[in-house]
Amino acid sequence: MVNRVVVGAHYGLTAWLAQRVSAVVMAVYSLVFVVKVLMLPQLNYETWRGLFTPGWMRFMTFLFLLSIMVHAWVGMRDIWMDYIKSTGLRLTLQVGTILWLVGCTGWAMQILWRV
Amino acid sequence: MPELTVRKPRPIWYNINLLNLPVPGIVSIFHRISGLLLTLAIIGLLYCLDGSLKSEVDFGQIRGGLSHPLVKLVALGFMWSFLHHFCAGIRFLFLDLGKGINLSSARATAYAVFIVSGLLTLILGVKIW
């Protein structure tokens, strides 16, 4: 057995865990959402909007959308780290990804709490 | 200094063609590609959610837009990405827990990911057409 002392800031573990936790949140929400849509008597504006009006559904949907952003961040970070060799370009793409995803989260909040 | 041991020529395998990967490897690279596509789809998802919840008129417009055959095809492509990513992701979560680690079950579940996500996409495609 290799007795290795793990050093460093452990960013990797946080990202690894965040990816899995967000994955579980999204998987559960997706299943619940599909069942709820299939249970609608018919799909029109009123019933569709009605899906998102209960407070807990808004809460869950927000967690789902937030999980998407976190999950996308970890995944895109992996892609940039694996394929973009130039440090400057990689940093630019990573910062751009974060700004984009944070902006999208703001939009998601606005959409949900306006309903 | 003379070579004391005869160096055995090692096999060189430069071909990293996608189709030369074993099935679990193909699932893995498709997981990455579908993840990239889904990241691009976030904006479309928010756009549709925004419009569909704004007003009855906007809802109708989004619905009308989504019924265009070309849009349906693109949406189905993203749905396939989602379903593949979903199935492969669940497989990876089980692998993390140490389930299905041995070669035969890892291959079987990799095939299952393609079959299940493909079938679900097919059903969805038939349903929306």
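Analyst: For the complex, the predictor gives an ipTM of 0.89 and a pTM of 0.87. This is a predicted model, in which local features need pLDDT of at least 70 and side-chain atom pairs count only at pLDDT 80 or more, whereas totals for chains, interfaces and linings use all residues. Residues are numbered from 1 along each chain as its sequence is written, chains are lettered from A and ligands numbered from 1 in the order in which they are written, and side-chain values use heavy atoms, with hydrogens and water left out.

Just after α3(B), Gly98(B) takes a positive phi of about 85°.

Buried residues have under 20% relative accessible area, exposed ones over 50%, and partly exposed ones lie in between (1.4 Å probe, protein chains only). Those of α3(B) that are buried include Leu76(B), Leu83(B), His84(B), Phe86(B) and Cys87(B). Among the elements that cover the buried residues of this helix are α1 and α3 of chain A, as well as α1, α2 (56–66) and α4 of chain B; contact means heavy atoms within 4.5 Å.

Ser117(B) lies in helix α4 of chain B and, at 0% relative accessibility, counts as buried. Neighbours within four places in sequence aside, Ser117(B) is in contact with Trp80(B), Leu83(B), His84(B), Cys87(B) and Ala112(B).

Phe82(B) and Phe86(B) both lie in helix α3 of chain B, four residues apart, about one turn of the helix. Phe82(B) is partly exposed, with a relative accessible area of 28%, whereas Phe86(B) is among the buried residues of α3(B). Rings of Phe, Tyr and Trp (its six-membered ring) pair if their centres lie within 6.5 Å; planes under 30 degrees apart count as stacked, over 60 as edge-to-face and the rest as tilted. By this rule the count comes to 10 aromatic pairs over all chains. In chain A, the ring centres of Phe62(A) and Trp113(A) are 5.6 Å apart and their planes are at 70°, so the pair is edge-to-face. Phe62(A) lies in helix α3 of chain A and Trp113(A) in helix α4 of chain A, so the pair ties together parts that are 51 residues apart in sequence. The pair of Phe82(B) and Phe86(B) is tilted, at 5.8 Å centre to centre with 35° between the planes.

The wider packing can be taken last. A nonpolar core is a set of buried Ala, Val, Leu, Ile, Met, Phe, Trp, Tyr and Cys residues joined through side-chain atoms within 4.5 Å. The largest one has 26 residues, of which Trp48(A), Phe52(A), Leu65(A), Ile42(B) and Leu46(B) touch the most other members. Its largest share, seven residues, comes from α3(A). Apart from it lies another core, of eight residues, including Val23(B), Val27(B) and Phe86(B).

Key. Helices (H or I, at least four residues) and strands (E, at least two) are DSSP runs, numbered from the N terminus.
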